[in-house]
2 protein chains.
Amino acid sequence: MKLINFSAGPAMLPRSVLEQARDELVDYGGAGMSLVEMSHRGPEYPAVHEQAVALARRVFEVPADFSVLFLQGGATLQFSMVPMNLLCPGKAGGYVVSGAWAKKAIADGRLYGDAYAAWDGAGVHYCRMPRPEEIELREGTRYLHVTSNETIGGIQMFGWPALGVPLVGDMSSDYLSRPIPWEHFDVVYGGAQKNLGPAGVTLVFLRQAILESTNRGLGAYLRYGYHDDGNSLANTPPVFAIWLVGKVLCWVEKQGGLGAMEAASRRRAGILYAAIDASGDFYRSPVEPTSRSLMNVVFRLPTDDLEERFLAEAAAAGLVGLKGHRSVGGCRASIYNAMSVEGVEALAGFMAQFRAANG
Amino acid sequence: MKLINFSAGPAMLPRSVLEQARDELVDYGGAGMSLVEMSHRGPEYPAVHEQAVALARRVFEVPADFSVLFLQGGATLQFSMVPMNLLCPGKAGGYVVSGAWAKKAIADGRLYGDAYAAWDGAGVHYCRMPRPEEIELREGTRYLHVTSNETIGGIQMFGWPALGVPLVGDMSSDYLSRPIPWEHFDVVYGGAQKNLGPAGVTLVFLRQAILESTNRGLGAYLRYGYHDDGNSLANTPPVFAIWLVGKVLCWVEKQGGLGAMEAASRRRAGILYAAIDASGDFYRSPVEPTSRSLMNVVFRLPTDDLEERFLAEAAAAGLVGLKGHRSVGGCRASIYNAMSVEGVEALAGFMAQFRAANG
């Protein structure tokens, strides 16, 4: 049985990307060795690296005054690196506390500077993103940190808070699913393992002008300037992960780029939200309609018992990875870029069938 | 032509490991998807992860009171994490400054605590490791940091400084080439990309008793306790790299474990040092005989011009990656665990031939 993988991440990759990697893994370009065995000083790997950087620039439509960095440690390390590099006495970091990921970001922010909640969704049970007028910025705010998509709560930010303060965005879970309005951002970061490649690499975009004023008294790996100066090759990069990110970016470009990805993500999510809304409250979305994530469709069934049976029967039908995050329970369909419309239709069909049998 | 890869890292991996990874890359265990597409919460990946941890314990002969962690960011991030976690006012870090890598370690150490050079090889041009009596420890030293092998200088530490202070060891370049005397160490760390797997994962061994007194006010990713509590699964791990490390560890075990690896490394290095010593000063090792690295055999030829021709003709004969590090020039044969005796014999044969033609 061919499984359909709704895992929240690591997640589906385009099959063609994996097949190419397989075909090239042992003997890269006829060199008689694997790319992962080669020195990162070249000549083969730097060409792969440069191509990944160039593709990221092109596919993400990155302005020339941003740097493209491939780092390690996931978004979790960026939760530290952002405040370490950007905050200093007199400059605070505002955070939109929109859910589980934003909470982690602000917790680490508080260790490295004056980080504060500019909005906290606790009062609305994290069922939506803030309206711009709800965000309260303090004087001396260096950046406003936003989590563009919360994978656990299943909410996504549509419309960016342009409040006169540069944004820093964790886009780990909606990278490549829509254009990024660069003019609002100083830093954008995200782990690769949902929309962009395998786990083990973090793609960071930095407005170059901010490098002059980032903190310098940091260990080498923790300084953005260290990676920027070395074009992410100052220390040994995660070769395999960057190689595959390049292949995924190629695939996205062939699909038609960000515009096509955005349209596809709307189409996929539309099918599932329609299935939920048409179910007469059998399936319920806990998310306010204006903030419904196009990446992670979270839903509940009438009882815990029905949820358990739904998950078990779905898995038996080849629909896997649908269990909600352990902190909130319920069901969650993660439908990143590599998910096909057919995959989503299969799930919607199963949902209708399960409701008919149990509703 | 089959190339023989003397790259200093990323470096050769056992062919069988790459072939297995290739065969399993697209469809893992008949699941119809790749391991790199699966959630790190399971069930497939956690089994792979646990096996890699268990194999590391067994193959490295790790005592039960040490934790085994798989982190990201390479040794470079450990240069920060070690002092961040271990140093505090009143506790200093001593460093054996044995070459290029130790200099990076102490530079980051100084940013996060009272780090000092307990010995500096500058006076001997970094041509050897210190004798124990040359190491000067201050009162209140929390640890003595050693770099067990310097890849650029080509020197290796034989005999560990047991001076009553716990050691912290960067073993990036000689992991798995000999047993580790655990009783002397609090922390051992190393990037995988030389002896252990592909780039993108750092294997860290921690004496569990020290976790109680490590610093807590650090960002999540930077706290050893965070990774220890989560068994290196607290955030998304670098799945592919850990998977391959497991396979390399399996391969080492099948070869006979550390004892067999150590014997093989002595045999390989012996062949090359014999070729150097028998060359009547045509090839010269700049390293003191007592510190000659079994991993990186550094040598010079009579002139820069001869070195250039040596490297070009060697490459033409399929012997690649022999150029010395750009900071020191000369030649360097990196002969990690996956290098065969035949590979080293081919190089020794070429060296004899080149000398006969040019000596």
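Begin by selecting Arg128(A), Arg131(A), Glu133(A), Glu134(A) and Glu288(A), which a network of salt bridges links together; a salt bridge here is a side-chain nitrogen of Lys or Arg within 4 Å of a carboxyl oxygen of Asp or Glu. The model is predicted, so local features need pLDDT of at least 70 and side-chain atom pairs count only at pLDDT 80 or more, while totals for chains, interfaces and linings use all residues. Residues are numbered from 1 along each chain as its sequence is written, chains are lettered from A and ligands numbered from 1 in the order in which they are written, and side-chain values use heavy atoms, with hydrogens and water left out. Over all chains, the count comes to 32 salt bridges.

Turn next to chain B and select Arg178(B) with Asp174(B), whose side chains form a salt bridge at 2.7 Å, N to O. Arg178(B) is buried at 11% relative accessibility, and Asp174(B) is buried at 2%, where buried means under 20% relative accessible area, calculated with a 1.4 Å probe on protein chains only.

Now select Arg207(B) and Asp186(B), a salt bridge whose closest N and O atoms are 3.1 Å apart. Arg207(B) lies in strand E10 (residues 202-207) and Asp186(B) in strand E9 (residues 185-191), so the pair ties together parts 21 residues apart in sequence; strands (E, at least two residues) and helices (H or I, at least four) are DSSP runs, numbered from the N terminus. Asp186(B) is buried, with 7% relative accessible area.

Finally, select Asp277(B) and Arg292(B), whose side chains meet in a salt bridge of 2.9 Å, N to O. Asp277(B) belongs to helix H7 (residues 257-277) of chain B, and Arg292(B) to the loop between H7 and strand E11 (296-299).

Notes: Buried < 20%, exposed > 50% of the residue type's maximum accessible area, 1.4 Å probe, protein only.
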